[in-house]
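Grab a pencil and open the model in your viewer. Below are a few exercises, each with a solution worked step by step.

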Amino acid sequence: MDNVFIMSHPLIKHKISVIRDKNTGTNEFRKLVEEIAVLMGYEALSDLPTEDVEVETPIETCMTPMIAGKKLAIVPVLRAGLGMVGGITTLVPTAKIGHIGLYRDPETHAPHEYYCKLPDPIEQRTILVVDPMLATGGSAIAAVDFIKQHGGKNIKCMFIIAAPEGLMRLHEAHPDVQIYVGQLDRELNQDAYICPGLGDAGDRIFGTK
């Protein structure tokens, strides 16, 4: 599929294996999610536009590339997406941060928005939507819908683990959006959890049940 990128780096694979382990505690889980976000973000942001600017080195003045345009916008899907923000700001400390709050109906699994706040002007920024899990795809589709409704155009999505069902739905709904996935898992179960997955990412990041 065009615009879909499945990560192959051994460090990403190793760290995902560790966070799958049910015995990995909150502190280690949280740190690893951030580290995975750094590694994936490095790949996802490889096409950021640059422009040559004049810099004076200790030796001479030269023209050298720096990131061009409005600052990157990171948009975590609350709440689990917050766990990936620190990894991306490690790479791009000046990035602006928005938030989209969605909750999933426990019976229909349909997403409902309860909060949306985006950096302005959003239409001039590269936007990176982050969420550890892409399950049914409903929340991700809704998040991209909201961003496009606010004028966002250059949108990328980044997930640590994805189910094939959700990946297909998101790609079909928004074929113009680049999708970066750390690991593509087998399937969704009847409760719409990713298998083998890693459980509830939000609970494991924040130490809640």
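**Exercise 1.** Is D185 buried or exposed, and which side chain does D185 meet in a salt bridge?

*Solution.* Start with the cover: D185 has a relative accessible area of 7%, so D185 is buried. The cut-offs here are under 20% for buried, over 50% for exposed and partly exposed in between, with a 1.4 Å probe and protein chains only. Next, find the partner: D185 pairs with R20 in a salt bridge, 2.6 Å from N to O. That term asks for a side-chain nitrogen of Lys or Arg within 4 Å of a carboxyl oxygen of Asp or Glu. Now place the two ends: R20 sits in helix α1 and D185 in the loop between β11 (178-184) and β12 (187-188), so this pair links distant parts of the chain, 165 residues apart. Helices (H or I, at least four residues) and strands (E, at least two) are DSSP runs, numbered from the N terminus. Finally, R20 is partly exposed, because its relative accessible area is 23%.

A word on ground rules: this is a predicted model, where local features need pLDDT of at least 70 and side-chain atom pairs count only at pLDDT 80 or more, while totals for chains, interfaces and linings use all residues. Residues are numbered from 1 along each chain as its sequence is written, and side-chain values use heavy atoms, leaving out hydrogens and water.

**Exercise 2.** What is the volume of the largest pocket, and which residues lie nearest its centre?

*Solution.* Volume comes first: about 680 Å³. A pocket, on a 1 Å grid over the protein atoms alone, is an open set of points where a 1.4 Å probe fits, with protein on both sides within 12 Å along at least five of seven lines; lining residues have an atom within 4 Å of a point. Volume means the space filled by probe spheres set on the points, which are joined across faces, edges and corners. Of the 29 lining residues, R104, D131, M133, S139 and D200 lie nearest the centre. Elements giving two or more residues to this lining are β4 (73-78), β6, β9 (133-134), α4 (138-149) and α6 (201-206).

**Exercise 3.** What is the volume of the second largest pocket?

*Solution.* The second largest pocket has about 180 Å³. It is lined by 13 residues, with I67, A68, K70, K71 and L72 nearest its centre.
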